[in-house]
Amino acid sequence: MINRESIAGRTVKIVFLGLCLIATVFPLYWIIITSLKEPGAIYTLALDYWPRQRSLENYIGLFTNSDFGQYMVNSLIVALVASSVATLISLLSAYVLARFQFAGRGAVLGAFLVTQMIPGFIALGPLYLMMSNLGLVDSKTGLILIYIAICIPFCTIMLRGFFENVPDALEEAAMIDGCSRLGALFRVLVPVMLPGVAASFIFNFVNCWNELFLSVTLMNSDANKTIPTALAGFISSFNIDWGSMSAAAVLTVVPTLAIFAFASKFIVQGLTAGSVKG
């Protein structure tokens with residue numbers, strides 16, 4: 001006999017997951033169709049969930065009326081450099097915390113964990129003063145340095161779990177064969193835990209790409225603004241340019257969606273590999 005309770009439970013799960021999917025996808029869908037509407041059609045009272053007339057005017061105006069192309073290049077430079085350097089530094093610090101016993105090791109891990117509990121906008125004032133004293137306000141270099149410092153604690157904690165899952169015998173065998181400790185790290189350990197390194201890099205990249213508060217606070221000139229700062233610029237005291245903002249939002253989401261689509265295997269492997277100690 002068919003278990004009616006199991007069928008009912010399965011139906012409830014499917015309906016619940018379907019509603020969650022709709023709630024997740026609909027905002028993205030609405031942004032896309034808004035970006036494809038003519039500017040005059042966006043402000044009509046009648047909601048049009050499937051516009052019959054589609055236009056690329058918002059996308060064209062985005063690049064002709066603003067320096068959005070420069071903003072995208074700035075965001076790409078900042079996110080790539082910051083995430084790459086932060087991943088490399090975190091790889092070395094995670095290796096030390098996983099392989100060596102030293103005084104203050106627990107305090108360092110505790111400090112890294114505490115930093116994840118503090119909202120970043122609380123430090124906007126001190127960071128601005130520090131960057132101003134260093135002459136790094138409105139500078140991509142200053143923003144990159146701050147992003148590196150922000151990404152290191154989480155990335156270190158994440159990578160430490162991967163190192164603890166790799167047997168010590170692997171690097172010991174490499175060192176017996178003549179490798180230095182750094183050679184064993186990069187030639188033996190890193191290839192084994194490549195999914196974890198890739199997952200850490202992707203999380204760092206996405207966080208740097210989407211960060212708003214620091215970029216708005218530190219970046220003033222069009223030559224150095226990043227995409228989140230540009231999106232905030234479409235909101236004025238008396239008007240919101242919904243067409244340009246929607247087009248910019250779609251172009252902003254595309255790189256992160258592409259990264260997660262092509263690297264989802266590494267992300268899943270990385271998170272599961274670092275979640276349980278072997």
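Predicted model: local features only at pLDDT ≥ 70, side-chain atom pairs only at ≥ 80, totals over all residues.
Local features are given at pLDDT of at least 70 and side-chain atom pairs at pLDDT 80 or more, while totals for chains, interfaces and linings use all residues. Numbering starts from 1 along each chain as its sequence is written, and side-chain values use heavy atoms, with hydrogens and water left out.

**View A. The buried face of helix H5 (residues 105-115).** Helices here are DSSP runs (H or I, at least four residues), numbered from the N terminus. Look for Arg 105, Leu 109 and Phe 112, which are buried (under 20% relative accessible area, 1.4 Å probe, protein chains only). They line one face of H5, because seen down the axis they fall within an arc of 60 degrees (taken from the directions from the helix axis to the C-beta atoms). An α-helix has 3.6 residues a turn, so residues three or four places apart point the same way. Over on the other side of H5 sit Gly 106 and Ala 107, both exposed (over 50%). Helix H4 (68-99) and helix H7 (140-165) are among what covers the buried residues.

**View B. Helix H5 packed on helix H7.** The two axes (lines fitted to C-alpha atoms over the stretch in contact) are 8 Å apart, at an angle of about 130 degrees (on a scale from 0 to 180 degrees between N-to-C directions). That makes H5 oblique to H7; oblique is what remains once angles under 35 degrees (roughly parallel), over 145 (roughly antiparallel) and 65 to 115 (roughly perpendicular) are set aside. The crossing is left-handed (near helix turned anticlockwise from the far one by less than a right angle; clockwise would be right-handed). From H5, Arg 105, Leu 109, Phe 112, Leu 113 and Thr 115 meet Pro 153, Thr 156, Ile 157, Arg 160 and Glu 164 of H7, with contact meaning heavy atoms within 4.5 Å.

**View C. Helix H8 (residues 168-176) against helix H9 (residues 181-192).** Here the axes come within 9 Å and cross at roughly 135 degrees, so H8 and H9 are oblique to each other. H8 passes H9 in a right-handed crossing. On the H8 side the contact uses Leu 170, Glu 171, Ala 174 and Met 175; H9 brings Arg 181, Ala 184, Val 188, Leu 189 and Val 192.

**View D. Asp 138, in the loop between helix H6 (124-134) and H7.** Phi of Asp 138 is near 60 degrees, a positive value in a residue other than glycine. Asp 138 counts as partly exposed because its relative accessibility is 21%, which falls between the buried and exposed cut-offs.

Notes. Helix = DSSP H or I, 4+ residues; strand = E, 2+ residues; numbered from the N terminus.
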